[in-house]
Protein chains: 2
Amino acid sequence: MLTVGIDIGGTKIAGGVVDPSGAIVEKLRVRTPLDARELVDAVVDMLGDLVARHEVGAVGVAAAGFLSKDRSTVHHSPNIAWSGEPLRDMLQQRIGLPITLENDANAAGWAEYRFGAGVGCDDMVMLTLGTGVGGAVIVGGELLRGGHGIAGELGHTRFIRDGRACGCGQSGCLEQYASGRALQREAGEIADAGGVGEPLAQVRAAHGTLPGPEVAHLATAGDAGALEAVRRVAAALGEACGGLQAVLDPHLFVIGGGVATLGEVLLQPVRRAYEASLPGLGSRPVADFAIARLANDAGVIGVADLAARGR
Amino acid sequence: MLTVGIDIGGTKIAGGVVDPSGAIVEKLRVRTPLDARELVDAVVDMLGDLVARHEVGAVGVAAAGFLSKDRSTVHHSPNIAWSGEPLRDMLQQRIGLPITLENDANAAGWAEYRFGAGVGCDDMVMLTLGTGVGGAVIVGGELLRGGHGIAGELGHTRFIRDGRACGCGQSGCLEQYASGRALQREAGEIADAGGVGEPLAQVRAAHGTLPGPEVAHLATAGDAGALEAVRRVAAALGEACGGLQAVLDPHLFVIGGGVATLGEVLLQPVRRAYEASLPGLGSRPVADFAIARLANDAGVIGVADLAARGR
């Protein structure tokens, strides 16, 4: 059976027809409308296009935010002006196909578990390092959803007490230290300091800003300032993974999102910081780290697969 | 079917014959021998006594430490000189009954879920505040065991970066801030400072030390210094629960161990600190807090029930 996955992001809506092996048969993309009603219309239009061209059995829709326990409703979303919309039933009526809603980071984690870096690993944690930090937890081969349906918000675990203010209303959240935006902030501070920050300062002068891909490019080329920025983000991420190990004890951490394009340049210092922060190191098994394989398609593939499985 | 639960603690071994309703039919207790071989002999002797008097179908044994994923072996225990002993098979041979091994905090959490404060609550976290802090996580009505069998080590999540040294080799672990020992330390500091600490200082002068139950007694009687010590421990515990909420999203936190005898004197400031540290408060459901009901019998009852269920 083919299914459709729709991933509603803050800037774009991606949709894809996905086959049972996790391969995308056709893919569409539009900009995300600001208005919630126009957004739903855009999703329905996209689905109409895809369903007209393919025999589709079910539809999955992924979005950032807190879903209700029964996943019929979006309680609260950082990017979209939704609050308590009965999104699932509304889409089901307009489209006439079974709809599965899922948190976007959970969908991406599920895709990596089923078809990507986590295949065969039933106890896995995925951290998606984009603008913020998304999390997904696989326990015994199932998504951890929690008592209210909003488990795995790993970007909002406290990393530093009384630390940087976070958009969630708290301070010191992991996503202030281990996201794409954190990488840019660290690179900016290093650029300000001169010395090894000189190449970063030149990039900033040329672009008017310090784009994450430029920082990553410099780091991959061995620039000392960019590598120091990566090392700081990696140290935070690795230390946080040590704490998650004590709670969840996964076999594998999968790191995704834009920052993960750094590959081993990121993972090596992450592993060091992780091992240095593990309680009881030496008398306990440790987890592996891997870079996500499905890149920007993970949300689409994951929620399409969840729809195929009817959950 | 009756089963036996044995809870091997650092100072005593408790054993009980438990019926399917979680009631203890007969209970025994001996001091924990220091030598690992004598310890196993003591367990076998206790089991011999209980099995001679009751028709027992299976035996559960709980101990602190890291168990192997298949729960046949104790990898590492803080109190007992075990390392890699094939404890389950050894006991099975000597006793001739099916043996179930479990981590002691997991056993206590399971007991509260099945017969205590967590009945009916399928997504629950238990924190046992004794000398250290033990943790157990129930997800969808099952114990969270993790990829290597050692999930739920909640006392060793990092609470303060570069904080107090912990016996696990790390620093800043929650159990340095929210255990019975932490309560004694806070009370000691308040006693040292004079002023509201005067009654605590008098207790210390009388006992040569500040026993936890004495601190609790003063706090329950409204002593300002003892209440401040409780408030500090409660603030750490509540803040840590806020972080666990983001990861695990439980419906309920159950607080057990000696410190939990404080009841609402402890829980009220815990709830305040928890709510103050929740990411996205106002747009998310929150968890309840309850005091454990099975007190010191939780480990015995929980592991006996796990044995009855064959897991």
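Predicted model: local features only at pLDDT ≥ 70, side-chain atom pairs only at ≥ 80, totals over all residues.
Me: How many residues does the contact take from chain A and from chain B?
Reply: 37 residues from chain A and 37 residues from chain B. Two residues are in contact if their C-beta atoms, placed from the backbone, lie within 7 Å.

Me: Which element gives the largest share on the chain A side?
Reply: Helix 7 of chain A, with 4 residues. Strand 6 (74-76) and helix 7 of chain A each supply at least two residues there. Helices (H or I, at least four residues) and strands (E, at least two) are DSSP runs, numbered from the N terminus.

Me: And by class, what does that side have?
Reply: The side of chain A that touches chain B has 16 nonpolar, 15 polar and 6 charged residues. Ala, Val, Leu, Ile, Met, Phe, Trp, Tyr, Cys and Pro count as nonpolar, Asp, Glu, Lys and Arg as charged, and the others, Gly among them, as polar.

Me: Why do the copies meet through the same surface?
Reply: Because 100% of the interface residues of chain A are also interface residues in chain B.

Me: Switching topic. What domains does the assignment give for chain A?
Reply: Domain 1 (2-110 + 297-308) and domain 2 (120-292). The bounds come from an automatic or database domain assignment. The C-alpha centres of the two domains lie 27 Å apart.

Me: How many residues are in contact between them?
Reply: 13 residues of domain 1 of chain A are in contact with 14 residues of domain 2 of chain A. On the domain 1 side, helix 3 (104-115) and strand 5 (66-67) give two or more residues each, and the largest share, 6 residues, comes from helix 3 of chain A. That side divides into 7 nonpolar, 3 polar and 3 charged residues.

Me: What is the strand order in the open sheet of chain A?
Reply: 10-9-8-11-12, 5 strands with mixed pairing. Strand 10 (142-143) and strand 12 are the edge strands, each pairing on one side only. Two strands pair if DSSP finds at least two bridges between them.

Me: In what sense do strand 8 and strand 9 pair?
Reply: Strand 8 (residues 124-129) and strand 9 (residues 133-139) of chain A are antiparallel, over 6 bridges. A:Val125 has A:Val137 in strand 9 as its bridge partner.

Me: Last one: is A:Asp249 buried or exposed?
Reply: A:Asp249 is buried, with 26 other C-beta atoms within 10 Å. Buried means 20 or more such atoms, exposed 12 or fewer, and partly exposed in between, with C-beta atoms placed from the backbone. A:Asp249 also has a positive phi of about 50° although it is not a glycine.

Note on methods: Residues numbered from 1 in each chain as written. Chains lettered and ligands numbered in written order.
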